[in-house]
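Please consult the sequence and the structure shown below while reading.

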Amino acid sequence: LKMVLNGDIGCYTLGYLPPLGAVHSVGCMGASIGQAHGVEKAGIDQPHAAVIGDGTFFHSGIPALLNVAYNRSRTITIIVDNRTTAMTGHQPHPGTGVTLQGRETQVVEIEPLVRALGIDRVFTVDPYDLPTLEATLKDCLAAEGPSVVISRRECALLPEARREAVPLRVDADKCRACGACRRVGCPALYQSDEVYERTGRHKTAIDPLLCTGCEICAQVCAVNAILFR
């Protein structure tokens with residue numbers, strides 16, 4: 001979508017690295033929203049978006065998003081809500097309903113909080129639903145004023161998520177070795193020893209021990225070669 005993505009401190013910061021290359025800047029904790037907002041107010045036409053995790057948003061992203069709403073910036077903020085503080089070891093935060101001492105507490109829902117800051121265009125999407133996610137971002141790009149996209153899906157490393165994981169497999173007879181699935185950046189996908197004769201390229205295989213069954217690779221496969229086991 002030709003957006004410049006201002007990153008923040010969290011596991012999504014790894015998106016800066018190949019093969020994703022999806023994050024273009026990383027500042028201090030909570031800085032992504034202010035950076036994207038500042039660039040927009042400086043008059044740069046190229047669309048800038050901020051990506052920030054749920055834990056970081058609660059920690060230091062709220063004041064910056066309030067500033068975006070107050071100044072009616074066109075900034076798009078993507079809040080990656082994976083229901084935990086994943087990068088540093090799955091600590092709880094105000095959105096988890098549990099304190100660090102393990103006591104139950106009030107759950108702070110992100111969407112009503114964002115609306116209370118003064119932002120009307122708020123969308124909660126499943127990041128595994130690629131068509132809806134892309135359509136939502138295109139809608140935000142075409143709009144005037146601020147938008148927030150809450151990308152909500154529990155961290156794949158949480159025990160409850162791993163218990164529900166159903167690994168995928170590649171049908172080697174269908175695979176055309178285009179490599180589109182491996183560009184997703186998933187560590188479960190690797191280059192197999194089998195070669196597609198027409199191009200001489202190596203086909204893809206999936207490590208069942210690493211696969212979480214998210215189906216993103218299956219969504220980008222043009223020949224439907226990725227299936228459930």
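Contact means that heavy atoms lie within 4.5 Å. Helices (H or I, at least four residues) and strands (E, at least two) are DSSP runs, numbered from the N terminus. The model is predicted: local features need pLDDT of at least 70, side-chain atom pairs count only at pLDDT 80 or more, and totals for chains, interfaces and linings use all residues. Residues are numbered from 1 along each chain as its sequence is written, and side-chain values use heavy atoms, with hydrogens and water left out.

**Helix α1 and helix α2**

- In α1, the residues I33, G34 and H37 meet F57, G61, A64, L65, N67 and V68 of α2.
- This contact of α1 with α2 comprises five nonpolar, four polar and no charged residues; Ala, Val, Leu, Ile, Met, Phe, Trp, Tyr, Cys and Pro count as nonpolar, Asp, Glu, Lys and Arg as charged, and the others, Gly among them, as polar.
- The axes of α1 (residues 32-41) and α2 (residues 54-70) come within 8 Å and cross at roughly 20°; axes are lines fitted to C-alpha atoms, for helices over the stretch in contact, and angles run from 0 to 180 degrees between N-to-C directions.
- The helices α1 and α2 are therefore roughly parallel to each other, a term for angles under 35 degrees.

**The open sheet**

- Six strands form an open sheet with parallel pairing, in the order β2-β1-β3-β4-β6-β5; two strands pair if DSSP finds at least two bridges between them.
- Strands β2 (25-26) and β5 (121-125) stand at the edges with a single partner strand each, so one side of each is left without a neighbour in the sheet.
- Strand β3 (residues 48-53) runs parallel to strand β4 (residues 76-81), and five bridges join them.
- Within β4, I76 stands opposite A49.
- Helix α1 lies across β1 (4-7), β2, β3 and β4, and runs at about 170° to β3.
- Helix α4 (residues 130-142) lies across β4, β5 and β6 (147-152), and runs at about 170° to β5.

**The hairpin**

- Strands β8 (residues 189-196) and β9 (residues 201-206) run antiparallel and are joined by five bridges.
- Four residues lie between β8 and β9 in this hairpin, and G200 in the turn has a positive phi of about 80°.
- R201 in β9 has Y196 opposite.

**Backbone details in loops**

- P18 and P19 are joined by a cis peptide bond, with omega of about 5°.
- P19 is placed in the loop between β1 and β2.
- R72, a residue other than glycine, has a positive phi near 50°.
- The loop that holds R72 lies between α2 and β4.

Technical notes
Parallel < 35°, antiparallel > 145°, perpendicular 65-115°, else oblique.
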